[in-house]
Amino acid sequence: MKVRIALAGNPNSGKTTLFNALTGSNQFVGNWPGVTVEKKEGKIKGYTSKGDEAVLVDLPGIYSLSPYTLEEVVSRNFLIGEKPDAIINIIDGTNLERNLYLTTQLTELGIPVIIAVNMMDLVRKNGEELDIERLGKDTGCKVVEISALKGEGIDQLAKRAVAIAKSGKNTYPAHSFEGCVEHAIAHIEEAIYGHVDSSMERWYAVKLFERDEKVQESLKLTKELLDHIEEDIASCEREMDDDAESIITGERYNYIGSIIEDCYKKRVKKQMSVSDKIDRVVTNRFLALPIFAIVMFLVYYVSVTTVGSILTDWTNDTLFGEWIIPGARSALEAIGCAEWLVGLLVDGIISGVGAVLGFVPQMLVLFLFLAFLEGCGYMARIAFIMDRIFRKFGLPGKSFIPMLIGTGCGVPGVMASRTIENDRDRKMTIMTTTFIPCGAKLPIIALIAGALFNGAAWVAPSAYFVGIAAIICSGIILKKTKMFAGDPAPFVMELPAYHLPTVGNVLRSTWERGWSFIKKAGTIILLSTIFVWFAQGFGFEGGHFGMVEDMENSLLAAIGSAIAWIFTPLGWGNWKSAVAAITGLVAKENVVGTFGILYGFGEVAEDGVEIWGALAGAMTQIAAYSFLVFNLLCAPCFAAMGAIKREMNNAKWFWFAIGYQTLLAYVVSLCVYQLGTLLTTGAFGIGTVVAFLLIIGFLYLLFRPYKESQKRNVPKSVSGKVSA
C-alpha cells in the first residue's frame, strides 16, 4: 500500500529539518509544474510494513491557505487537487498563536491531520508547559512533541503519521465560528452540495464566505447561486459590522486564543532570552547595517578572496591548466585523433566547461556560509531590516542578499533568489541581480580604466553606481507594469530563535545548491562553448571551408562583421568590439582575452595591460565607457544565464529577462555615447535626437503614478518575533 503524506507549516518552523530527518537521503528535488517554487519529495523508510511505501511531500512554507503568494497557491492546489492521505502540520511550540492559524485551515480540508509541535526543548527551557492532550482535544488532531533539530520524537511522529494515513479517517474541525457566521456557512454548504467533495464542503463554504475569487472560479457556480450566497454573507457582515474576510480572521484568532489559554501555561516569569539580547544589538536601527556589512565582508573575504580564491585558482590553474587539459591533449594526440577533434574536446569542451566549473569551489564555500547564516536565523533579520529600504523601489528586503552575493559571482546571486517567497518579487530580483558588477567583470573595468582613462580612480566606483542605479530604476519601472503589478504581499517574517544548525543540514543545503548549478547550468555552458570554439576556429579560407589560421576569416569574424552595425550608435561599431561583447556572453573574462587575440597578443594579463595602447587607438573615451556600460548591464555570462533559466523554470520568462537586460544595456549605452559626444565635441545628429527621446520615455516610465496604489492600501512590513 502506498500512502502520500504532506508536510505543511510556517516558514522557520523547522519544516526542512523535519523533512530531512524523516527522509534522509531518499529525496527527490525538482520544481512544481510551471512555477519556480521548489518541490521536494522523499520516502519515509523504516516505518512501513513490507510492500508498503510512504512518500512525504514537503510543501512550501506558508502562513495560511489564502492565495496571497505563489507558495500558498501551490500548497492549496496540491492539498485540494492531489488530496494526500494525511498531513503532518509542524508548528513552532514557542509561537503557537502564529502557527495555529494555518492549523485551523488545514483541519477544514477533510484530510487526516497530525500536529507535530516542534522546539519543545526550547519550550521546556523557557520554563513553560504545553499540555499536549488538551491541545489535541481542542484541535481535534493527534499531537506529537518533537525537536526536529535534536531528533526527539521523530520515530513516534513517523509511525503515527503513517498509521493515520493508512486509516483513512478524516479530521474535522473542533472549532465553530460566531452564531451568524456558522449560520451563513451552513447555508453555503447546502448551496454547494453536490458541487464539491462532501469531506471538503466546510472548507469551500468558508472560502466562499471570504469571497475567495479563485474558489469561485474553480466551482463555476451559476450567477443565481452566487447571488444567493452573497445575500447570506452581506447579512452576516451587517450584523458583525465588518467585512467577511476580517470576520473569519478574527474568529480564528479568538479560537486560537482560547486554545492557548487552555493548554499553554507559564510556570515562571519570562526573562529576556539570549536571542532577544542578541537582537537588541544586531537589529538595532543604527548598528544593524554596519554589523551586517562586517559579517558579509568576512563571508566575501573568506569565500571569494582567500579560501575560495585559492581553491578556484588551484582548480583553474593546476587541476585543469596543468593536469586535465595537457593530459587530455597528450592522450588524444598519442592515439592519433584528428586535429579538429582534439580542438573540440580539449579547447572547446574541456577548457570551456572547465573554466566555469573552476568557480564551483568558490561557490561551495560561499553557499556553506549562507547555509549557516540562514540556518542560525541571522538572514531573516537582515531581510526584515532591508525591506523598509528596498520596498521604496518595488523590491523586498530579501532581494538585498542575492545582489550582495552577486558582487562575487552572478550565479550564486541568482540562485540565492529562491529564498524570496513572492513569485513576482523573485522574478524581478532574478532579472536585476546581475546588474551588480561581479568578479568576472572586474577585468573589463580594469581594461577600460587603464587603456582609456589612465587608471582613473572614479571608473570602478562608477561601474557599481551604474549597476545599483539600474536595479533601483528597474524595480520602480517594472513594478508599474501589469506583469509585476498587483497587491504587494504583506512582508511577514518570522524571526526564529538563534541556534546552531546541524552540520548535516548545512552540508546538504550547500551540496544541493552546488549540484543544481553543475547539473542544470552545465548543459547550456557545454553547448555554448562548443559553438564558440567552432566559430572561432572554422571559416572560409583559401576558397574552402575548414580550420582557419587567420581569425579574420573565421565564422566568428563574419558574425561580428554582420552585427557590428548594431553597435555603431553606441560608438563601437567595429567587428572586433562586437566579437569581444559576444564572447563575453560565454564568460565576461573572455572580453579581455578576446581583445588580446584580436590585437595580436596570445596571452594577456588580467587587466589586459599589453593591449592598452592598441585599444586606446581604436576607441574614444566616450565609446569605451559606452562599451563598459553595455557589458556591465547586458545579459550575463552563460553560467549565470543557465542559473536564470533554472530559477525562472519558464522559457518565456527566461527570454524576457535576457531581453530586458540586453535592451536596457543598449539604451543606456546609446544615451551615454550620444550625450557624451554632444557634451565633449558638440556633435549633434539623429542618434542624439533618439537619445533625448529615450531619456524622456525613461523618465516617464520612472515617474508615472503607480495605479495600483491609488486603489488599494499597500500593507506595511510586519515581523513576527519568536519567543525563546
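Start by selecting R211: this residue is partly exposed, with a relative accessible area of 29% (buried is under 20%, exposed over 50% and partly exposed in between, using a 1.4 Å probe and protein chains only). You're looking at a predicted model, where local features need pLDDT of at least 70, side-chain atom pairs count only at pLDDT 80 or more, and totals for chains, interfaces and linings use all residues. Residues are numbered from 1 along each chain as its sequence is written, and side-chain values use heavy atoms, leaving out hydrogens and water.

R211 sits in the loop between α8 and α9 (213–219) and E237 in helix α10 (residues 223–240), so the pair ties together parts 26 residues apart in sequence. (Helices, H or I with at least four residues, and strands, E with at least two, are DSSP runs numbered from the N terminus.) E237 counts as buried, at 15% relative accessibility.

Next, pick K166 and D52, another salt bridge at 2.6 Å, N to O. K166 lies in helix α6 (residues 154–167) and D52 in the loop between β3 (38–44) and β4 (53–58), so this pair ties together parts 114 residues apart in sequence.

Then select R4, E41 and E82, which are linked in a network of salt bridges. The whole structure has 20 salt bridges.

Last stop: helix α3, residues 96–106, where 9 of the 11 residues are buried. Among them are L96, N99 and Y101.

Terms used
A salt bridge is a side-chain nitrogen of Lys or Arg within 4 Å of a carboxyl oxygen of Asp or Glu.
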